Amino acid sequence: MEIGGKRRRVGILYDERMCNHQSPYEEYHPENPSRITSIWNKLIANNIPQRCVIVNAKEAEDEHLLAVHSKNHVNLIKNISSKKYDSRRDRVASKLNSIYFNEGSSESALLSAGSVVEVAERVATGELDSAAAIVRPPGHHAEHDEAMGFCLFNNVAVATSFLLDGKPELGIKKILIVDWDVHHGNGTQKMFWEDPRVLFFSVHRHEFGCFYPANDDGFYTMVGEGPGAGYNINVPWENRGCGDADYLAVWDHILLPVAKEFDPDMIIVSAGLDAAVGDPLGGCRITPYGYSVMLKKLMDFANGKIVLALEGGYNLDSIANSFLACMEVLLESKPIAGSIESYPFESTWRVIEAVREKLSAYWPTLSDEIPLKLTSQSAPSALSVSSSDSEDEDGETPNDVSSNMVAAVELIEPLLNLKIEDRHDQLVTKPISWRSELSKVDIWYATYGSNMWKSRFLCYIQGGQVEGMKKPCSGSMDTRLPKDILWKTFPHRLLFGRESTLTWGPGGVAFLHPERSSDEKTHICLYRITLEQFNDVLLQENVSSYDMSSPVIDLASLQSVVDQGSISLEIFKKGWYHNVVYLGQEKDIPILTMTCSLPHIASFKSNEIPLRAPCKEYANTLVRGLVEGGQLSEEEAMDYIKEASARPL
């Protein structure tokens, strides 16, 4: 396409040296060299490089890195691949969140950050109209003094700081950073938290802080501080499954109106492609057409001065097709062929309205109400499974994300049933027949902890939260109430342990010793629910997210629990309640509970995992359950909990 009599000059940067950063072990890791080679091969096959200006990669200079990172951090990443770190490289990585190092990490990280600076400078000078950097490792999670989430240096932040502070003569005074990676760009947000020259916009799965990076940084109330107040915009999805219609609704009703008012001199896109259909970590459904429309709408600003910097994206076909679609837009300034055939989720409109209300004080353009005729058109709700009491194995932070991510790739990808087309992805899914089958099978869910209180348990069925809970539950796909409720006592030991939980804060939570003992007696509330509902409850108790194309407990595994007495769900091995135990039958219906494994009991005994009394809020739910269930008086219930908390194993 010719603009003003000349063809658009689009830069493209790729360097195989960035493939040298890879997991030091032979096991599969989602952030691997194939991510960028698959994109590059797809572009070559479609003659994209031949239509672009090839830009050579450069290593980032220290002064540019130090503008956003600490000296200690820069020195660590620059030297981590040297021989002096050979014996402790893995130990350093183990102390970080979702990071690995090898002999090629330092060079790759320097090239990744330096390459984004290189293409950004060329676009800023006008040598290029726009550009794309196919780089790895990604960067938007990397913070001032810490690598995390597969990210070593914050590539986009380094380039942004370089343009604003390192090269003021280029005249780039305001930059819009659009982060459409499925995960929140926590590192980038913090680096420009008080800077009104940078409008940081991130749309991401959040699920009330239960999706990586598993904190509140990505909530819509986080708007910046001081002179930067209002220049930080987060759009936090409440659920998985968001696609083209959801993202474009956010573009039209939040991002574009604010971008028009902000009037940036340049746009840098943290172009993670893990919200694409088929991504094993993202769980969203943006098509290549959706990405192309999102990018085309951005090209109406800053005279099309746009830089794309690759972030996440772990389905090789999806990221290759999506990146190709974006390159077609940069070159021709028009989206690829396609259409938007669905409506946004109802939750999408709810999030959009919350964001607009919060930001309207800073951006008057967001003050108007969205017409009811738009918000009333919504797709059926998406099921989002969010973690409850489970945290990571060593009890430090909610959910061991590195292990969860790797497990997700290994286990979810074969279940996606997706076919990715060459030019335009069309989602082809098999019907989720297991739900209708398992909705006809009843089990008794035996609960001995906070779920003994019916109101608390119904959060897992119908969604929401009760008093004392810090985060809401997403609920089950099947919201029908339990068909029956019974109380029984069982010869198992009740104990309390762990340091803290996402749902209740500091304090232990309840566990049932998986082995019977005639000397023990625990009060247990039995809910008669469907096996489909039990699957949803089981997931909410154990993991941040999981694709529901297949059940965790099907009829065959149900029979295995009955026959063997228990089964440990390896796919939830980082969850606290992955051991499903059979407690017998009631009215010829199996009684199942979920608890820790015997190795965990050994860890409790050795104090490797601490035994700890529950916090007041958590204990109150147990008391209310026992009292309202007619099992104990309030005083007896409190003594029951204290005795179980104090008695050693």
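**Exercise 1. Which residues lie nearest the centre of the largest cavity?**

Before we start: this is a predicted model, where local features need pLDDT of at least 70, side-chain atom pairs count only at pLDDT 80 or more, and totals for chains, interfaces and linings use all residues. Residues are numbered from 1 along each chain as its sequence is written, and side-chain values use heavy atoms, with hydrogens and water left out.

*Solution.* Step one is the term: on a 1 Å grid over the protein atoms alone, a cavity is a set of points where a 1.4 Å probe fits but cannot get out, and lining residues have an atom within 4 Å of a point. Step two: the structure holds 4 cavities of 30 Å³ or more, and about 110 Å³ of space lies in the largest cavity (a volume is the space filled by probe spheres set on the grid points, which are joined across faces, edges and corners). Step three: 14 residues line the largest cavity, and Tyr445, Tyr448, Asn451, Glu541 and Tyr577 are the ones nearest its centre.

**Exercise 2. Find the strand that gives the largest share of that lining.**

*Solution.* Strands are DSSP runs of at least two residues, numbered from the N terminus. E11 and E20 each supply at least two lining residues, and E11 takes the largest share with 3 residues.

Now look at how these strands meet. Two strands pair if DSSP finds at least two bridges between them. E11 (residues 442–447) and E20 (residues 589–595) run parallel over 2 bridges, with Trp444 opposite Ile591. Both strands belong to an open, mixed sheet of 6 strands, ordered E12-E17-E11-E20-E19-E18. At its edges sit E12 (484–490) and E18 (566–568), each pairing on one side only.

**Exercise 3. Work out whether strand E13 has buried or exposed faces.**

*Solution.* Buried means under 20% relative accessible area, exposed over 50%, with a 1.4 Å probe and protein chains only. In a regular strand, side chains alternate between the two faces of the sheet. Leu494 and Phe496 on one side of E13 (residues 494–497) are buried, and so are Leu495 and Gly497 on the other. E13 pairs antiparallel with E16 (residues 509–512) over 4 bridges, and Leu494 stands opposite Leu512.

Terms used
1 Å grid on protein atoms, 1.4 Å probe; cavity = no way out; pocket = protein on both sides within 12 Å on 5 of 7 lines; lining within 4 Å.
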